[in-house]
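Welcome! Could you walk me through this structure, one question at a time?

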Amino acid sequence: MPASLHDFTFPALDRALVADGLRPAHVGALWRAVQRDGALSLAARAEFSPPLARWVAEHAGEGGRYFLDEPAVAADTASSDGLTRKFLLRLADGQTIETVLMGYTGRTTACVSTQAGCAMGCVFCATGQMGFVRHLRAGEIVAQVLHVQRTLRARGAAGLRNLVLMGMGEPLHNYDAVLTALEILTDDRGVALAPSRVTISTVGVVPGILRLAEERRAFNLAVSLHSADASERAALVPASRRWPLDELIAACREYGAKTGRRIFFEWTLIAGANDSPRHAEQVAALLAGIRAHVNLIPLNPTNGFAGTASASPAAREFQGVLRERGLPSTVRQRRGIDVAAGCGQLRAEKARAA
Ligand code: SAH
Ligand code: SF4
C-alpha cells in the first residue's frame, strides 16, 4: 500500500528515507517542500539534489511507494463579509470534508475536519445527522491546513495563526491520527503552529481527555457541554450515555489539575432548550472550581433538527448569570452563516442539491 508523505512526522520521514540510503540533508529538503512550502508536486524542484530528485522520480511518482495528499476543491464559498471562506474538499476515495478559513489576514484561524461524518450523533449537528463514514489519516488532516496556507499565500497574507479542530468529526475518537497531525503541524520546520494556538474540541470522549492530561499535551481543550443536566444533555448529545456527565466533569477536573490549563466549554444556545437563567445557574454550579471559559454559540439551524437559535436578549441574560457567578464567557457570533457555517452543513447542502 502506498503511503502519504503527509502522514510522516519529521523523525518518521527521516527513518524511512535514511533506510533508502538518503542523507539527513535530503530529508530536510523533502520535508520543507512538503510541509513548509505545501508543494503539490515534487517534480523539477531546483533545490532538490540529484539523489533526492532520483528518489522522488522512483518512489514518489505514479505507481510509487509514496504519494501526496492533494484534496480536490469540490466547493469554495466566501461569506458576504469576505471574512470566511469555506471549502468542501474531496479526498482520494471521493469522501468530502469541510475546511474553513476565518479572518482575512493576520489573526487567521483554520477549522479542519478529523473524520468523514461522525459517530457521536449530536441531534443538532449536520455531521452527526449524516453518521460515521471513516477516520481521516494524519496526512488528510495536515493537507487541509496546507490548503489553507496556500490560500493565504495566494493572497499575499501572513501565515496561518490559529487552528481549531471543530470541523466534521470527533477528534478524540481518532486520537492517534489527530495527535500525529498536530505533531507535524507544530514542528517548527513546517507550518510551525504554536501549540497554544491549537484547540482540540471534543464532545466529551472521557478516555481521550484523560490521555491528553496524562501526556501533558500543550494544546487547548474545548469541551462541547451544551447542558449541565445529565438527562437533558443525553437528549442532545447521545454520546453522553457512554461517557456520563459526572465522569466527564471528573475528567475535566483531572485535566485541569494535571495540566494547569483553562478549559473552554462550548454551549450551543437553542431557544427554549438550554438557554434559560436556570440552565446558566446549573452550568455555573457544575463548573465551580474548574478554570473555565464558556463559549456561547447561537444554534445554526440544520435540516434534521427543529430547534432554533436563542434570541440575543436570552443570550445576554444567560451570560449575565454566568458573570454574576464568576464564570467568564463569550458569545460567539458564527461568522458567515451565508456559507453554511455550521459543521457539516456545506456537505449536507451539496448532497441535497446533487
Ligand atoms: N466533535 C467535536 C468537534 C466538532 S463540532 C465537538 O463536538 O466538539 C464543533 C462545535 O460545533 C461543537 O461545539 C458542536 O457542538 C458545534 N456545533 C455543531 N453543530 C452546530 C450547529 N448546528 N449550530 C451551532 N453549533 C454547532
Ligand atoms: Fe460529532 Fe461534534 Fe457534530 Fe457531535 S457536534 S455529531 S461530536 S461533529
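Here are some questions and answers about the ligands and two of the residues.

This is a predicted model, in which local features need pLDDT of at least 70, side-chain atom pairs count only at pLDDT 80 or more, and totals for chains, interfaces and linings use all residues. Residues are numbered from 1 along each chain as its sequence is written, chains are lettered from A and ligands numbered from 1 in the order in which they are written, and side-chain values use heavy atoms, leaving out hydrogens and water.

Q: How many residues surround ligand 1?
A: A residue belongs to the shell if one of its heavy atoms lies within 4 Å of the molecule. The closest ones are G169, S201, S224, H226 and N300. In total, the residues surrounding ligand 1 number 19.

Q: Which strands each supply at least two residues of the shell around ligand 1?
A: Strands here are DSSP runs of E with at least two residues, helices are runs of H or I with at least four, and both are numbered from the N terminus. By that rule, the strands are strand 10 (198-202) and strand 12 (263-269).

Q: How much of the 530 Å² that ligand 1 exposes when taken alone does the protein bury?
A: Let's start with the polar contacts, pairs of N or O atoms within 3.5 Å. A nitrogen atom of ligand 1 is 2.9 Å from a polar backbone atom of G169, and a polar side-chain atom of T268 lies 3.3 Å from a nitrogen atom of the ligand. As for area, computed by the Shrake-Rupley method with a 1.4 Å probe, the protein buries 96%.

Q: Which charged residue is found around ligand 2?
A: Asp, Glu, Lys and Arg count as charged. The shell around ligand 2 has 5 nonpolar, 3 polar and 1 charged residue. Its members include C118, M120, G169 and V203, and the charged one is E170.

Q: Is T109 buried or exposed?
A: T109 lies in strand 6 (residues 109-111), and its side chain makes a polar contact with the side chain of N162 at 3.3 Å. Buried means under 20% relative accessible area, exposed over 50%, and partly exposed in between, with a 1.4 Å probe and protein chains only. Because its relative accessible area is 15%, T109 is buried.

Q: Where is V123 found, and what is its relative accessible area?
A: V123 is in the loop between strand 7 (115-117) and helix 4 (126-130). Leaving aside neighbours within four places in sequence, its contacts (heavy atoms within 4.5 Å) include A235 and F305. V123 is partly exposed, because its relative accessible area is 27%.

Technical notes
A polar contact is a pair of N or O atoms within 3.5 Å; within protein, one must be able to donate a hydrogen and the other to accept it, and residues adjacent in sequence count only if both atoms are side-chain atoms.
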